[in-house]
Amino acid sequence: MHADSLKKQFQTAFTTLPTLVVRAPGRINLIGEHTDYNGGFVMPASIDKAIWFAAAPRSDQQCVLVAADLNEKHEFALSDLSKSDKSWTQYPMGVLNELMAVGLMPKTGFNLLFGGNIPLGAGLSSSAAVECGTAFVLNELFGFGLSRLEMVKIAQRAENNFVGLQCGIMDMFASMMGKAASVIRLDCRSLEYTYFPFNAPHHSLVLCDSGVKHSLAGSEYNTRRQECETGVNILQQFDNQTESLRDVSMAFLQQHQAALPPVVYQRCQYIVSEIERVRQAGQLLEAGNLAGFGQLMYQTHDGLQHQYEVSCPELDLLVAHTRSLGSVLGARLMGGGFGGCTLNLVEKSHVSEFIENITHAYQIQTGIDLTCHEVVLSNGTEKISD
Ligand code: GLA
C-alpha cells in the first residue's frame with residue numbers, strides 16, 4: 001500500500017512521523033474534450049491511480065518538499081516562493097502561492113513528501129492530483145476551512161498562474177470531487193454537477209498509453225484556447241449574448257463562417273459539435289446504449305484529429321486499429337492531446353485479448369511498448385486514516 005511506504009519514507013527523510021496522509025487521484029474523461037474552457041460540459045471520473053502525500057507542520061518557517069519517486073528535494077522559506085529549476089516543484093508551490101494570494105498564510109513551514117502511480121505525461125492529470133493533494137493537505141494542516149470547490153479553484157489558478165497552462169477546471173474538479181464507481185457530469189459554466197453510475201456490466205474502460213509524452217504548457221494548448229476566444233470575440237459582433245462557444249449553435253456558426261479565419265472556424269466547429277456530443281452521450285449512457293456512446297467516442301477522436309488538430313500519429317494509429325476489432329465499441333484520444341493515452345470501451349470478456357492484440361500491433365508499427373490499464377473509478381481526494 002502506498003500510504004504505508006510513504007509514511008516510512010517520510011520518517012526516513014524527516015525523522016518524525018507525518019501527522020497527515022492524503023490521496024489525490026488521477027482522472028479519465030469519458031467525453032467532452034477541450035470543452036471545459038469553452039463553458040461546455042465534461043464527463044470525467046477519478047481513478048485508482050493516485051498520488052499519496054505525507055505531511056507535518058514544522059516549528060520554523062521553512063517548507064521542504066520531497067518528490068519520492070524522483071528522489072529529489074526542494075527547500076524554501078514561506079517568504080520566498082521563487083521558482084526552482086525542478087519543474088515538479090511548481091505544482092505544490094503554485095498552490096501555496098494561490099493560497100497566500102487570498103490571504104491564507106500557513107502559520108509555520110511544513111514538510112511534504114509525495115509519490116504515486118499516475119503515469120506522468122500520459123494525460124491522466126498527475127499535475128492536477130499534485131495540486132489538489134497539496135491544497136487538501138495545507139487546508140487540513142492549517143485549518144483554512146476551504147470547501148472542496150474552493151480548493152478546486154485554487155488548484156486551477158495554480159496551474160494557470162504559476163505553471164502557465166491556461167487549462168480549464170475539469171482535471172482539478174475530477175481529482176477533488178470524484179466518487180467511487182461514478183462519473184461526474186459537470187457543467188463547466190455554472191459548475192453544477194451530478195454523479196451517475198457508469199453502468200456497463202459487460203464492458204471495461206481501458207487506457208492505452210502511447211508512450212508519447214505530451215507537453216502542453218506554454219504550447220499548442222494555450223494557442224487552442226486563444227483561437228476559441230478569437231472565435232467568440234468575432235461571433236459576439238453578430239450576437240452580443242454570446243459569452244462562450246457554449247452559446248453558439250452550428251447553424252449560427254455556419255452562417256458567420258466568412259467572418260472567421262479558416263483555422264478559427266475549424267476549431268469552433270469541433271467545440272460546438274463536441275458540446276452537443278456530450279449532451280447526446282448523457283442520454284445514450286442513461287439509456288444503456290453503449291454502442292451509440294462508442295460511436296460518439298470515435299466522432300470525438302475524428303474531431304480532435306482533423307478539426308482541433310491535437311492528436312499525433314501514434315494516437316491515430318491506436319484508435320484506427322480498434323476499428324477492426326469487434327470487441328471495441330469506441331476509442332479516442334483522451335485529455336489535452338499531443339500524446340498520452342487513448343480511452344477504449346472494450347467488452348469485458350475480451351480485455352486480455354484486446355490488450356495483447358493492440359500491444360503487438362503497436363510494437364510492430366512504432367517499436368514502442370504499449371502500457372494498458374483497465375480503469376477502476378475511485379474516490380476523489382481524501383484523507384487516509386491508518
Ligand atoms: C487538459 C486540461 C483540461 C482540459 C483537457 C482537454 O487536461 O488540463 O482543462 O481542457 O486538457 O479536455
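Predicted model: local features only at pLDDT ≥ 70, side-chain atom pairs only at ≥ 80, totals over all residues.
Student: How many aromatic pairs does the structure hold?

Tutor: The structure holds nine aromatic pairs. To read one, take the distance between the ring centres and then the angle between the ring planes, where over 60 degrees counts as edge-to-face and under 30 as stacked. Take Phe10 and Phe14: their ring centres are 4.7 Å apart and their planes stand at 55 degrees, so this pair is tilted.

Student: Where do Phe10 and Phe14 lie?

Tutor: Both are in helix H1 (residues 2-14), four residues apart, which is about one turn of the helix. Both Phe10 and Phe14 are buried.

Student: What kind of pair do Phe173 and Tyr193 make?

Tutor: The ring centres of Phe173 and Tyr193 are 5.1 Å apart and the planes meet at 75 degrees, so the pair is edge-to-face. This pair links distant parts of the chain, with Phe173 in helix H5 (residues 170-177) and Tyr193 in strand S8 (residues 193-197), 20 residues apart.

Student: Is Phe173 buried or exposed, and what about Tyr193?

Tutor: Burial is read from the relative accessible area, with under 20% counting as buried. Phe173 has 0% and is buried. Tyr193 has 35% and is partly exposed.

Student: Which charged residues sit over rings, starting with the ring of Phe162 and then the face of Phe41?

Tutor: Here the thing to look for is the charged end of a side chain above the face of a ring. Over Phe162 it is Lys83, whose charged end is 4.8 Å from the ring centre. Over the face of Phe41 it is Arg185, at 4.5 Å from the ring centre.

Student: Now helix packing. At what angle do the axes of H6 and H8 cross?

Tutor: Read two values, the distance between the axes and the angle between them. Helix H6 (residues 220-236) and helix H8 (residues 262-286) have axes that come within 9 Å and cross at roughly 95 degrees. That makes H6 roughly perpendicular to H8. On the H6 side the contact is made by Arg224, Glu227, Cys228, Thr230 and Gly231, and on the H8 side by Val263, Val264, Arg267, Cys268 and Ile271. By class, this contact of H6 with H8 has five nonpolar, two polar and three charged residues.

Student: How do H8 and H9 pack?

Tutor: H8 and helix H9 (residues 290-307) have axes 10 Å apart, at an angle of about 170 degrees. H8 is therefore roughly antiparallel to H9. Residues of H8 that meet H9 include Gln266, Arg267, Tyr270, Glu274 and Leu285. From H9, the residues meeting H8 include Leu290, Phe293, Leu296, Thr300 and Gln307. The contact of H8 with H9 divides into eight nonpolar, nine polar and three charged residues.

Student: Where are Thr15 and His34 found?

Tutor: Thr15 is in the loop between H1 and strand S1 (20-29). His34 is in the loop between S1 and strand S2 (41-42). At 69% relative accessibility, Thr15 counts as exposed, whereas His34, with a relative accessible area of 4%, is buried.

Student: Which residues does Leu65 touch?

Tutor: For such a list, set aside residues up to four places away in sequence. Those that Leu65 touches include Glu72, Phe76, Trp88, Pro92 and Leu112. Leu65 is in strand S4 (residues 62-67), and with a relative accessible area of 1% it is buried.

Notes
Residues numbered from 1 in each chain as written. Heavy atoms only, no water. Axes fitted to C-alpha atoms, helices over the stretch in contact; angles between N-to-C directions. Helix = DSSP H or I, 4+ residues; strand = E, 2+ residues; numbered from the N terminus. Parallel < 35°, antiparallel > 145°, perpendicular 65-115°, else oblique. Contact = heavy atoms within 4.5 Å. Nonpolar A, V, L, I, M, F, W, Y, C, P; charged D, E, K, R; others polar. Phe/Tyr/Trp six-rings, centres within 6.5 Å; stacked < 30°, edge-to-face > 60°. Buried < 20%, exposed > 50% of the residue type's maximum accessible area, 1.4 Å probe, protein only. Lys NZ or Arg CZ within 6 Å of the ring centre and 35° of its normal.
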